[in-house]
Amino acid sequence: MTHQLPDRNALEAAAQIVYRAMPPTPQYAWPLLREALGTEVWVKHENHTPTGAFKVRGGLVYMHELARRAPQVKGVISATRGNHGQSVGFAVRRQGLQATIVVPHGNSKEKNAAMRALGVNLVEHGSEFQESREHAARLADEQQLHMIPSFHHDLVSGVASYWMEFLSAQPELDTIFVPIGQGSGICAAIAARNALGLGTRIIGVVSAHALAYKLSFEQKRKIESPVTAVIADGMACRVPDEESLAIIMKYADDVVAVTDDEVAAAMRLYYIATHNVAEGAGAAPLAAAMQMTDRLRRRRIGVPLCGGNVDHDQFARILSADSFS
C-alpha cells in the first residue's frame, strides 16, 4: 500500500478534468463571520458545485481515469450517505456508464432523490455507512460491477482542485479546518498545501458522535468507534480507511471533535451571516473554529462550506431551535 500524495503536476492535470464540467468555486471573507469569531474567516463555497458539495470533483476525476484504464467496465457501485453518490451519478453520465449506490436505511430523503434524478440505481441496506459499504462490495462481486472505494488516489486528486484554488487565492491563511468522513477531503488539503509549499496548519474535524479518526489519530493506530451522529451524517464513519489515516497521522496538525449542537449552531450562523445553506458536515469546520475562537484571534483562518445538501425539514428545525435534540 502506498501513502504517496499526488504532486503539483498531477493535481493540475486533475483540475483540468474537473474544469471541463464546472468552473472554480468562489471564496469570500464574510464580515459577519469576522464579527462572530473575532478574526478573519475565509469561506470556500463548495456548496456552489453542480451537486452542491465538493465530492463531485473527485467523482469526475475517478470516472475519467477509470474509463481510460478499464474501458470494459459498464457499471459501477459504491456506498454513500449522499454526496459521494451524487458525485458518482453526475460523473458516470459523462462516461455513458450505469451506477448503483447503496445507502443505509433512513438516509436523507432529499439526497436519495437527487441521486435518483441523476439516474442512479439506489439500494437501501443496513443501519449505517459501514454496513452499506460491505453490502456494496458483495453486490459488486455478484453483479460484476466495479466497486468505487470511498478513498482513492484519483478521488484525492480531484478534490484537491478546490484546495489548490483556495490556497492559491489565500496563501497566507494560518489555519484551515477540514471535515473527515473517509479522508479524501483532508488528504486533498494536505496534498495541495504540500504541493504549494505552504506552512498552513491543517486541523481535521470529526463528529463527537463518530470519533474513529480522532481516536486513531491520537493513539496512532486504527480504532473503530460507534456512530450516533444525527446532523453531520457525512462524517458518520465507524471504521477509518487505513490509507487516509496514515496520511492524516503523518501530515495533519490536529484532529478535533464537534457535537451535533455545535454543528447546528454553525449552520444557523452560516445562514444568518451569509445566507448560504450548509449541511451538517459542511458546517463542521466552522463549528470547530467557533469552538476555538480564543486561540484563533488575529489569525487568518479558512473553512470550506463543503456541502449544502440538508433536508428541508431538518434545516427548518435547526433554524428555529436554540439547540438540536
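Student: What should I know before starting?

Tutor: This is a predicted model, so local features need pLDDT of at least 70 and side-chain atom pairs count only at pLDDT 80 or more, while totals for chains, interfaces and linings use all residues. Residues are numbered from 1 along each chain as its sequence is written, and side-chain values use heavy atoms, with hydrogens and water left out.

Student: How do I read a sheet, and in what order do the 6 strands run?

Tutor: Strands of a sheet pair through backbone hydrogen bonds, either parallel or antiparallel. Two strands count as paired if DSSP finds at least two bridges between them. The elements themselves are DSSP runs, numbered from the N terminus: helices are H or I with at least four residues, strands are E with at least two. Here, 6 strands make an open sheet, ordered S1-S2-S10-S7-S8-S9, with mixed pairing.

Student: Which strands stand at the edges of that sheet?

Tutor: Strand S1 (27-29) and strand S9 (254-258) do. Each has a single partner strand, so one side of each lacks a neighbour in the sheet. From one strand to the next, the twist averages 25°.

Student: In what sense do S1 and strand S2 pair?

Tutor: Antiparallel, over 3 bridges, with S2 covering residues 40-45. Ala29 has Trp42 in S2 as its bridge partner.

Student: Which helices pack on this sheet?

Tutor: First, two rules. Contact means heavy atoms within 4.5 Å. Axes are lines fitted to C-alpha atoms, for helices over the stretch in contact, and angles run from 0 to 180 degrees between N-to-C directions. Helix H9 (residues 212-219) touches strand S8 (201-207) and S9, and its direction makes about 145° with that of S9. Helix H11 (residues 260-274) touches S2, S9 and strand S10 (300-305), at about 85° to the direction of S9.

Student: What is the pairing in the sheet of 4 strands?

Tutor: That open sheet is parallel, in the order S5-S4-S3-S6. Strand S5 (121-124) and strand S6 (146-147) are its edge strands, each pairing on one side only. Strand S3 (residues 75-79) runs parallel to S6, joined by 2 bridges. Ile77 stands opposite Met147 in S6. Helix H6 (residues 129-143) packs on this sheet, touching S3, strand S4 (98-103), S5 and S6, with a direction about 160° from that of S3.

Student: At what angle do helix H1 and helix H7 pack?

Tutor: Sort the angle into a class: under 35 degrees is roughly parallel, over 145 roughly antiparallel, 65 to 115 roughly perpendicular, and the rest oblique. H1 (residues 8-19) and H7 (residues 153-169) pack at about 95°, their axes 8 Å apart. They are therefore roughly perpendicular. H1 contributes Arg8, Leu11, Ala14, Ala15, Val18 and Tyr19 to the contact, and H7 contributes Ser157, Gly158, Ala160, Ser161, Met164 and Glu165.

Student: How do the residues of that contact divide by class?

Tutor: Ala, Val, Leu, Ile, Met, Phe, Trp, Tyr, Cys and Pro count as nonpolar, Asp, Glu, Lys and Arg as charged, and the others, Gly among them, as polar. The contact of H1 with H7 has 7 nonpolar, 3 polar and 2 charged residues.

Student: How far apart are the axes of H1 and helix H3?

Tutor: They lie 9 Å apart, and H1 meets H3 (residues 55-69) at about 100°. That makes H1 roughly perpendicular to H3. Ala14, Ile17, Val18 and Tyr19 of H1 meet Arg57, Leu60, Val61, His64 and Glu65 of H3.

Student: What volume does the largest cavity have?

Tutor: Work on a 1 Å grid over the protein atoms alone: a cavity is a set of points where a 1.4 Å probe fits but cannot get out, and a pocket is an open set with protein on both sides within 12 Å along at least five of seven lines. Lining residues have an atom within 4 Å of a point. Grid points join across faces, edges and corners, and a volume is the space filled by probe spheres set on the points. The largest cavity has about 360 Å³. Its lining has 11 nonpolar, 13 polar and 5 charged residues.

Student: Which residues lie nearest the centre of the largest pocket?

Tutor: Gly106, Ser108, Val230, Asp233 and Gln314, out of 23 lining residues. The largest pocket holds about 440 Å³ of space.
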